[in-house]
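The sequence and structure are shown first.

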Amino acid sequence: MAKTSLATLLGRVGLDWFLLALLAMIGLARLWPEPGIQTGPLSLSAFTNYGVSLIFFLYGLRLNFDQLKVGLRNYRLHLLIHLTTFILFPLLILGIRALLVTPETTLLWLGVFYVAALPSTVSSSVVMVSIANGNVPAAIFNASISSLIGVFVTPIWMSALLSAGSGQFDLEGIILKLTIQVIVPVVLGLLLNKQLGWFAEKYKGALRYFDQITILLIVYTAFCESFAQNLFRNLSVTDFVLLAVGMLALFFFVFGFITVISRWLHFSREDRITALFCGSKKSLVQGSVMAKVLFPGSAAGVVLLPIMMYHALQLIVASILAKAMANWKPSPQAVHDDSPTR
């Protein structure tokens, strides 16, 4: 009974075993980094490389072309979500770069920009839209498309930033690694969707656990290398607190922006909800797996810290907001304003 009550309580505030496991992985990396810094074909690091490719293959396998074609009709909703996800977010962070970057926080800022360049989440976006009584089919379409776009756009943003900051940045090598580890598996999964898509759908629960376990190992190995190189030595408690406040402020700013724009565009209530939850969220899954390619060295742990923090905060806040929206009763004026999007 106590165990069930605790799980229920944690669920109400958006926490689950996975978030707690992420914190445990950081603690384990701090106490026992040796397994995570070993190299070789059977090392944990090598296993996570194989896991990255398999995650993207399974993602491609789950994409349904028929559903994607149907979803293309509501183009204004899609444009708002993806322009916010891939243009507004990065430009916001670039705009305040001078206020955030010091010699001690350069890597942390890189991680914040990485958050901004990432695609939206898939499962949690759809869940939140469903809880708030939004447009679930549109949420499924946009979350899926966002992840697919992110495979290409996120590396482009990061490659442009990293190559500008270092004349020795191996742009061609990064593109080649991303093609082999990310793009090829996605395309292969898409091509096999008609033959094996049923398998991914039937066992999506078990496959989700595989995704999560792979992410936990990626986080563990990344933080092992960062702790081994003592990359957190210049970061204070104040830096972590400011990072948390900044991630929360970023979420609410974008949430407010989408609220204003979707009302201006006269979206229906259901479409506004979909825009809010799909456009304001960021994917820890793709953030973790692409970090293996983009940040192969010891910096990955520091760079992943902002997306882990944003992920936790967005789940907690979005869960509270979704449940509140589910109980909203629109006024007569709101019903008039919320005419269906054409």
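Two residues are in contact when heavy atoms of theirs lie within 4.5 Å. The model discussed here is predicted.

## Overall composition

The protein contains 18 helices and 0 strands. Of its 342 residues, 49% are buried. Among contacts between residues at least 6 apart in sequence, 89% join residues at least 24 apart.

## Helix H17 and helix H14

Helix H14 spans residues 237-264 and helix H17 spans residues 300-326; their axes lie 9 Å apart and form an angle of about 45 degrees. H14 is therefore oblique to H17, and the crossing of the two is right-handed.

On the H14 side, the contact involves Phe-240, Leu-243, Ala-244, Met-247, Leu-248, Leu-250, Phe-251, Phe-252 and Phe-255. These meet Leu-305, Pro-306, Met-309, Tyr-310, Leu-313, Gln-314, Val-317, Leu-321 and Met-325 of H17. Classified by type, the residues in the contact of H14 with H17 are 17 nonpolar, 1 polar and no charged.

The crossing of H2 with H17 is left-handed. Phe-18, Leu-19, Leu-22 and Ile-26 of H2 make the contact with Met-308, His-311, Ala-312 and Leu-315 of H17. This contact of H2 with H17 comprises 7 nonpolar residues, 1 polar residue and no charged ones.

Helix H16 (residues 284-294) packs against H17 at an angle of about 170 degrees, and the two axes are 10 Å apart. H16 and H17 are therefore roughly antiparallel to each other, and H16 passes H17 in a left-handed crossing. From H16, Leu-284, Gly-287, Ser-288 and Ala-291 meet Leu-304, Ile-307, Met-308 and His-311 of H17. The contact of H16 with H17 has 5 nonpolar, 3 polar and no charged residues.

## Nonpolar cores

The largest nonpolar core holds 88 residues, of which Tyr-114, Phe-277 and Phe-295 touch the most other members. H17 gives the most to this core, with 14 residues. Leaving out residues up to four places away in sequence, Phe-295 touches Leu-110, Tyr-114, Met-158, Leu-162, Ala-300 and Val-303. Another core, of 5 residues, lies apart from the largest one and includes Phe-57, Leu-61, Ala-200 and Leu-207.

Leu-108 belongs to helix H8, which covers residues 106-117. Is Leu-108 buried or exposed? Its relative accessibility is 7%, and Leu-108 therefore counts as buried.

Apart from neighbours within four places in sequence, Leu-108 is in contact with Leu-235, Leu-243, Val-302, Leu-305 and Pro-306. Among these, Leu-243 of H14 and Leu-305 and Pro-306 of H17 also take part in the contact between those two helices. Leu-108 and Val-302 are 194 residues apart in sequence, yet their C-alpha atoms are 6.1 Å apart in space.

Terms used
Residues numbered from 1 in each chain as written. Predicted model: local features only at pLDDT ≥ 70, side-chain atom pairs only at ≥ 80, totals over all residues. Heavy atoms only, no water. Axes fitted to C-alpha atoms, helices over the stretch in contact; angles between N-to-C directions. Helix = DSSP H or I, 4+ residues; strand = E, 2+ residues; numbered from the N terminus. Parallel < 35°, antiparallel > 145°, perpendicular 65-115°, else oblique. Left-handed = near helix turned anticlockwise from the far one by under 90°. Nonpolar A, V, L, I, M, F, W, Y, C, P; charged D, E, K, R; others polar. Core = buried A, V, L, I, M, F, W, Y, C linked by side-chain atoms within 4.5 Å. Buried < 20%, exposed > 50% of the residue type's maximum accessible area, 1.4 Å probe, protein only.
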